[in-house]
Amino acid sequence: MKAAADAARTPAKVFDARLSSHEASPAHGMTNRPVVPEWSIWIIAGLALVAAIWLPFGFALGGLIEEWTELGLFAIHGPIFLVDEAGPLATFRGRPLTFAPQALAYFLDHDSFFYWHLLLVLSLLIKFLSSGSIGRFMTRSLTGGLLIGALALLYPADTMQINLRTLHIDCAIALALLAGALAVKALDVASMAARLGLGFVAAALFVTASLIYEAVLPLGLVPLLAVYVRYGLVSAIAKCVKQRAVLLMWGGALVSCIVFVVIVGQQGDSYQGSLAVGQTGGWFSKLDSWGRTIVFTALYRGFWQAWEQIYSLAWTQLSHRVVFLLVAANIALCFFLLAIREERTSDGPWTRQASPIRLLLAGIVLFVAGYSPFLVSLSHVAITQRTYLEAAFGGAMVVAALIIAFRVVLSARIVATAIAAPIVSAALLAQIYQHDQYNRTYAQFERPIVKALATATAAFRPGEPIPIVNMYGGLNGTWDLGVAVTLVTVYLLPTSGPPILCDGRTGQMLPLARPLAKTGCTIEQDNLTVVAADGKQTSYSRFAVIESDGTVTLHDNKANPPVHALRTIVPPILASGSWEPSNSWFNRARNSGLAYECKFESMWGYAVPCRTFGIYEGEWTGPATASISWVNNKDAGLIIDTLEPNMSYKMVLQLGKYALTPALDQLRLTFNGSPLQLIWTDPRRIEATIPYELVKDRTNVLGLSVPPDDKSGLSIALQHLQIWPVR
């Protein structure tokens, strides 16, 4: 009997052995041990993507706006790692760790932006690895995870990721996504000790992220949505109930952060409280407005406008197309090899592992949730700076779902090579353009102004007044460093007081503030006289002048000679990097034909600041409308330094729809002092020809002569200025 039974089992054993051999055989397309370990692919991919954004520029980018304010405060108070109610930044106590990344960079090196760049690079690398890890979990695929990670890193909807002023936001998002990745891992491990340890670390990291920037709170949905995408609703609920210890820790962290923000938001003198005060109307009208904003602004920008602009950018402004095509070809090759690797080392093509429908639904939920904190501020919904950074991960999930859906008609290799790779390449181009744009702004405006301020400040002894006459233009408001000028000089010379800044062309004290203060300044008999609001006059026989070409002269009527040029001083913080607009991948002038352009945008705009005088900085006028700048002086104008001599030009000036009559009837334009013949093509559009004999080399002045209104102090609103060469 025993022998008969053994004989009966023998064929079954032989069949099992053959089946095992068949499953393990590479010849039959089943699993293989990968030649390259997966962790190395993640590191190489992350470093390559981040390096691609930085390589054209190096660490040349410096401070634009808030960075100089923070440097000045750190120079006075030391690095501010924690904001409290008694400190100089008490308004931001709802974000007690919001200055910690900048403070750490300053602590490591007072005299450069090197560690600002290093922390930004590190935060973006963590963002890629964390979002990619979550994507790997959701799609059950290395290729799918890398795709989602790359899209989350490069998503083009926001225009403020590659910027030092966004360091704290990028760090907060990186920590929140890292926390989400650890929470997902905690839900999927078998060991109770490991589960609790990972859950605790994830909760702590999420709380830290929220204390840096509370707008990351919607990313608290990431672990739940990731589990839903992978397992489906019923299985996801069952898994969360089974792993309730992790869920309770995560939920406790999320709720505690929300409660903290609500408590601070009820205090009117906090930043969050100021946003809450601005909300009007009933809940029905708010929900209706928010719904319209989400559909017609957020979703439109995130899934159409941002991608359409990349296409326009690639064909109208990109100069180094061959270089970029080589980069795109390499990305396509990498995705192709990843698709092959996955077919040989997993259970099948990478597109077959995920549910595109669940990924799409979860992505839309996360995108809307990530955008929702900004609905409380009308000014934020009109811009694309910082408002889409939290939503980017949700957008990446949606785009990845649409890409994976092509599995119905295309093979996994073609989907990876012909669809996923070009989309990632396009998103990379958007980030390179963004880095280029901010480097251009820094090189053309902030860097020369700070260099001139450093040269002027160094001419005065510690503790004595620093009177400066500005002939260079700018320093009027926020975007052109006017508001931060005091802290810039304090950083450059910590023992100095606030500079006394006079606009030498208009006689106005800078920066300009509305309503315009009844102050002024004049230069007579080699003395600078400043008139305070109470009428008190103070004269200075020794003062610095920032000339229109950026050089600085010192005027001293007690010296011989009374005027002499100062040797330009380049402070150490400006010494790193030498990128110039001529190195740009994007030749705007050649492709557009423009010789000069000024968009009078608000501080939230994306254009390079213009060198203006007698003109307020741009202001936001409402959704779907262009920003405008009000003229506030009869001798206002712009300084233009991009025209070539011995060439005629055509000028078009677009005015805003706001104007105070009879200002339009009295408007006169001059170019280097000579009047221009104006042609009104419509009530808000002016054209003029600039004869070649009026054009000087390097520095030209376009004058706007129009008397302001006696009551408001305003005259006309400027929207857009363009100048083309006449061939």
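Modeller: Happy to! On a 1 Å grid over the protein atoms alone, a cavity is a set of points where a 1.4 Å probe fits but cannot get out, while a pocket is an open set with protein on both sides within 12 Å along at least five of seven lines; lining residues have an atom within 4 Å of a point. This is a predicted model, so to speak of local features we need pLDDT of at least 70, and side-chain atom pairs count only at pLDDT 80 or more, whereas totals for chains, interfaces and linings use all residues. Residues are numbered from 1 along each chain as its sequence is written, and side-chain values use heavy atoms, leaving out hydrogens and water.

Colleague: Which residues lie nearest the centre of the largest cavity?

Modeller: Glu601, Pro609, Cys610, Glu617 and Gly618, out of 17 lining residues. The space in the largest cavity is about 170 Å³, a volume being the space filled by probe spheres set on the points, with grid points joined across faces, edges and corners.

Colleague: And what lines the second largest cavity?

Modeller: Ala60, Asn439, Tyr442, Ala443, Arg447, Gly577, Ser578, Trp579 and Glu580. The volume of the second largest cavity is about 60 Å³.

Colleague: What about the second largest pocket, how much space lies there?

Modeller: About 1200 Å³. It has 43 lining residues, with Arg95, Glu214, Tyr271, Gln272 and Leu275 the closest to its centre. Helices (DSSP runs of H or I, at least four residues) and strands (E, at least two) are numbered from the N terminus; α3 (66-77), α7 (167-188), α11 (244-265) and α12 (271-277) each give two or more residues to the lining of this pocket.

Colleague: Switching topic: what is the strand order in the open sheet of five strands?

Modeller: β10-β12-β18-β14-β15, with antiparallel pairing; two strands pair if DSSP finds at least two bridges between them. β10 (612-613) and β15 (674-675) are the edge strands, each with a single partner, so one side of each has no neighbour in the sheet.

Colleague: How many bridges join β14 to β15?

Modeller: Two, and the strands run antiparallel. Thr670 is opposite Pro675 in β15.

Colleague: Last one: is Glu687 buried or exposed?

Modeller: Buried, because its relative accessibility is 17% and the cut-off for buried is under 20% (exposed is over 50%, partly exposed in between, with a 1.4 Å probe and protein chains only). Glu687 sits in strand β17 (residues 685-690).
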